[in-house]
Amino acid sequence: MKEILAVVRMNKTGATKKALVEAGVAGFTAFKVEGRGKIVSNPTLILERKKELLLMAGEDQTGEAEKLITDFLVGTSLFPRRLFTILAHDEDVAKIVEAIIQANKTCNNVGDGKIFVLPVMDAIRVRTGETGESAV
């Protein structure tokens with residue numbers, strides 16, 4: 001048994017839920033979380049990305065968009081994300097991980113999320129008392 005943890009963009013929640021159902025996942029839990037990924041340290045890349053994001057933000061008289069973008073790029077902000085937890089049989093892990101990737105991959109190159117696969121020692125179904133693989 002494995003536990004799959006997937007941290008994805010908030011706007012990809014619906015697509016992720018649909019992908020998990022289509023992959024045959026029996027159940028999962030989703031939490032609202034905040035976090036951030038690896039900080040980009042290349043100044044040229046930061047400047048290019050800042051210009052792109054400011055163009056996307058449009059006209060902003062208050063300067064709020066620029067502050068948010070700068071905070072994002074230099075690593076001082078946490079961002080809302082969705083954390084999915086899924087228990088899976090070992091043979092289903094690759095299919096589930098691929099479904100999550102396909103639902104969340106964008107052309108942004110950064111911020112698409114992370115997936116972690118962890119071993120599970122045991123599981124117990126409260127209603128029936130079943131343990132191990134049969135409880136998943």
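**Salt bridges and a buried helix face**

Visitor: In this predicted model, which residue does the side chain of Asp90 meet in a salt bridge?

Guide: Asp90 pairs through its side chain at 3.6 Å, N to O, in a salt bridge. The pair links distant parts of the chain, since Asp90 sits in the loop between S3 and H4 while its partner belongs to strand S1, 88 residues apart. The residue that Asp90 meets is Lys2.

Visitor: Is Lys2 buried, partly exposed or exposed?

Guide: The relative accessibility of Lys2 is 26%. Buried residues have under 20% relative accessible area and exposed ones over 50%, so Lys2 falls in between and counts as partly exposed.

Visitor: Which residue forms a salt bridge with Asp112, and where in the chain does that residue lie?

Guide: The two side chains meet at 3.2 Å, N to O, and both residues are buried.

Visitor: How many salt bridges does a search of the whole structure find?

Guide: Side chains of opposite charge can pair when their charged atoms come close. Among the pairs here is that of Glu130 and Arg125, which meet at 2.9 Å, N to O; Glu130 is partly exposed, with a relative accessible area of 30%, and Arg125 is partly exposed as well, at 26%. For the whole structure, the number of salt bridges found is 5.

Visitor: Why do the buried residues of helix H1 line one face of the helix, and within what arc do they fall?

Guide: In H1 (residues 13-22), the buried residues are Thr13, Thr16, Ala19 and Leu20. Seen down the helix axis, these residues fall within a limited arc, so they line one face of H1. An α-helix has 3.6 residues a turn, so residues three or four places apart point the same way. The arc for H1 is 130°.

Visitor: Which elements do the buried residues of H1 pack against?

Guide: The face of H1 turned away from its buried side carries the exposed residues Lys18, Val21 and Glu22. On the buried side, the packing partners are strand S1 (2-9), S3 and helix H4 (93-104).

Conventions: Residues are numbered from 1 along each chain as its sequence is written. This is a predicted model: local features need pLDDT of at least 70, side-chain atom pairs count only at pLDDT 80 or more; totals for chains, interfaces and linings use all residues. Side-chain values use heavy atoms; hydrogens and water are left out. Buried means under 20% relative accessible area, exposed over 50%, partly exposed in between (1.4 Å probe, protein chains only). Helices (H or I, at least four residues) and strands (E, at least two) are DSSP runs, numbered from the N terminus. The arc is that of the directions from the helix axis to the C-beta atoms. Contact means heavy atoms within 4.5 Å. A salt bridge is a side-chain nitrogen of Lys or Arg within 4 Å of a carboxyl oxygen of Asp or Glu.
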